[in-house]
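Reader: I am new to this structure and would like to learn how to read its features one at a time. Could we look at it together?

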Amino acid sequence: MIQTKGFAAYDATSDLKPYDFERRDVGANDVKIEILYCGICHSDLHHVKGEWGEILYPSVPGHEIVGRVVQVGAEVKKFKEGDMAGVGCFVDSCRHCHSCREGLEQYCENGFVATYGGQAKDGSAPTQGGYSNNIVVDEQYVLRVPMNMDLSRVAPLLCAGITTYSPIREWKIGEGHKVGIVGLGGLGHMAVKIAASKGADVTVLSTSPEKAKDAHELGAHNFANTRDKDTVKSMVNTFDFIINTVSAPHDYNMYMNMLKRDGTMILLGAPPAPAEIMAGNLLFKRRRLVGSLIGGIAETQEMLDYCATHNILSDVEVIPIDYVNEAYERMVKGDVKYRFVIDMASLK
Ligand code: NAP
Ligand code: ZN
Ligand code: ZN
């Protein structure tokens, strides 16, 4: 077994603290990655606080992982020692269902193995995530990180990047579309960058007026303060698409109303409460409400290569690991510019 150091939640209410644990030995198809950076996703917080249901503690979160390959198994073909590699939200899946065969492992009909809080396929232990100094993953679930990229700014692409890239690709969002991005946080700022790079006309719909300048610098064409009633009224029937990344319970109907006839709102945010929609808001304008979950492995590789080509990186605040609890507090307040990323050199 491989001795590993990390930071874990021990229950739903206390601070994350150091945690020593073991990873499996490197199997024939595995790569061992020395983790250099790990992003902090709002899902990490939902998970460790038990907001999505009970979890097993101690739990090491983190699914925006980049690092260096330090060991490969005998059968590994894609990686060699010294390569830069990434791991996202899942580390395995059944590999034979309809979705897995189509490269949509995130929708695996038998359930994917989540990077943390999942059950390892051999049933040995719950999976532990990237707030740690190493990880062992089957090479099929590891991404190649283009060499010319700033690794701290690549880490968030493994979740925030792919989660926004996937629906933009699926719904062919681009030139000629007016797109609203709700929530300028980790996912939101990546949605702005990617949608703008595809030629869409992008409006940030935010509750934080002080983010207006940043929104423009990130590539948005417009900014709207959704706390202002007149602004909200002026945007009724405006957008072809709305990408909703809000992490807290909120009024979905206000945003549905901003869609044109046949417009689509894509839910990415997963607040711990049901989404209540007035049927009339869908019926009268034939609007659509859809969801999207991260992305498959092939699509995640495509996204990384696309971001390398288009020079798209996350805007990050790099932190030492013992700042993680404060980072969580700031994330709940919407005070993130625009992703916290842990420098794993700080984990001693
Ligand atoms: P984040 O960085 O905390 O950003 C969320 C943003 O939502 C905040 O910055 C804030 O932006 C806005 N917001 C917060 N509370 C709000 C409220 N009450 N009303 C309106 N807006 C509010 O979070 P994230 O990491 O981007 O994640 C966002 C959500 O997506 C989380 O629920 C996460 O679990 C989920 N997620 C889903 C997937 C998927 O596959 N679908 C993948 C990753 C994450 P403003 O200050 O601009 O208003
Ligand atoms: Zn995430
Ligand atoms: Zn499957």
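Reader: Where is K172 found?

Author: This is a predicted model, and in it K172 is found in the loop between α4 and β10 (178–182). The phi angle of K172 is near 50°, a positive value in a residue other than glycine. K172 counts as exposed, because its relative accessibility is 66%.

Reader: Which value does phi of R95 take, and where is R95 placed?

Author: Phi of R95 is near 75°, again a positive value in a residue other than glycine. R95 sits in the loop between β6 and α2. With 31% relative accessibility, R95 counts as partly exposed.

Reader: Which peptide bonds are cis?

Author: One of them runs from Y57 to P58, with omega near -10°. P58 lies in the loop between α1 and β4. Another cis peptide bond joins K337 and Y338, where omega is about -20°. Y338 is found in the loop between α11 (324–332) and β17 (339–343).

Reader: Now the metals. How should I read the angles at a metal site?

Author: Ideal angles at a metal are 109.5 degrees for four tetrahedral donors. The site of the zinc ion (ligand 3) has 4 donor atoms with angles of 105 to 118° among them, and this site is tetrahedral.

Reader: Which residues coordinate the zinc ion (ligand 3)?

Author: The SG atoms of C94, C97, C100 and C108 do so, at 2.3 to 2.4 Å. Along the sequence these donor residues are spaced C-x2-C-x2-C-x7-C. C97 lies in the loop between β6 (90–92) and α2 (98–101), and C108 in the loop between α2 and β7 (113–114), so this pair ties together parts that are 11 residues apart in sequence.

Reader: Are C97 and C108 buried or exposed?

Author: Both C97 and C108 are buried. For C108 the relative accessibility is 8%, and the residue counts as buried because the limit is under 20%.

Reader: What are the protein donors of the zinc ion (ligand 2)?

Author: They are C41 (SG), H63 (NE2) and C159 (SG), lying 2.0 to 2.2 Å from the zinc ion (ligand 2). Their spacing along the chain is C-x21-H-x95-C. H63 lies in the loop between α1 (42–48) and β4 (65–72), while C159 lies in the loop between α3 (151–154) and α4 (160–170), so the pair ties together parts that are 96 residues apart in sequence. Both H63 and C159 are buried.

Reader: What is a disulfide, and how many does a search of the whole structure find?

Author: A disulfide is a covalent bond between the sulfur atoms of two cysteines. A search of the whole structure finds 0 disulfides. C89, for example, is in no disulfide: the nearest cysteine sulfur, that of C159, is 3.6 Å away. The cut-off for a disulfide is a pair of cysteine sulfur atoms within 2.5 Å. C89 counts as buried, at 12% relative accessibility.

Reader: How do I read a pair of aromatic rings?

Author: A pair of aromatic rings is described by the distance of the centres and the angle of the planes. A search of the whole structure finds 7 aromatic pairs. One of them is formed by Y19 and F21, which are stacked, with 5.4 Å centre to centre and 10° between the planes. Y19 is buried, with a relative accessible area of 18%, and F21 counts as buried at 7% relative accessibility. Ring pairs also link Y10, Y19 and F21 into a cluster.

Reader: Which residues come nearest to ligand 1?

Author: Of the 30 residues around ligand 1, the nearest are S206, T207, S208, K211 and R339. An N or O atom in the side chain of S208 is 2.5 Å from an oxygen atom of ligand 1. For the side chain of H42, the distance from an N or O atom to an oxygen atom of ligand 1 is 2.7 Å. L268 takes part through its backbone, where an N or O atom lies 3.0 Å from a nitrogen atom of ligand 1.

Reader: Which residue does the side chain of H47 join in a polar contact?

Author: A polar contact of 2.9 Å joins the side chains of H47 and S59. H47 is found in helix α1 and counts as buried, at 10% relative accessibility.

Note on methods:
Residues are numbered from 1 along each chain as its sequence is written. Chains are lettered from A and ligands numbered from 1 in the order in which they are written. This is a predicted model: local features need pLDDT of at least 70, side-chain atom pairs count only at pLDDT 80 or more; totals for chains, interfaces and linings use all residues. Side-chain values use heavy atoms; hydrogens and water are left out. Buried means under 20% relative accessible area, exposed over 50%, partly exposed in between (1.4 Å probe, protein chains only). Rings of Phe, Tyr and Trp (its six-membered ring) pair if their centres lie within 6.5 Å; planes under 30 degrees apart count as stacked, over 60 as edge-to-face and the rest as tilted. Donors are N, O and S atoms within 2.8 Å of the metal (3.2 Å for Na, K and Ca); water is not among the atoms, so sites may look incomplete. Four donors count as tetrahedral if all angles lie between 85 and 135 degrees; four count as square planar and six as octahedral if opposite donors are over 155 degrees apart and all others between 65 and 115; anything else is irregular. Helices (H or I, at least four residues) and strands (E, at least two) are DSSP runs, numbered from the N terminus. A residue is near a molecule or strand if one of its heavy atoms lies within 4 Å of it. A polar contact is a pair of N or O atoms within 3.5 Å; within protein, one must be able to donate a hydrogen and the other to accept it, and residues adjacent in sequence count only if both atoms are side-chain atoms.
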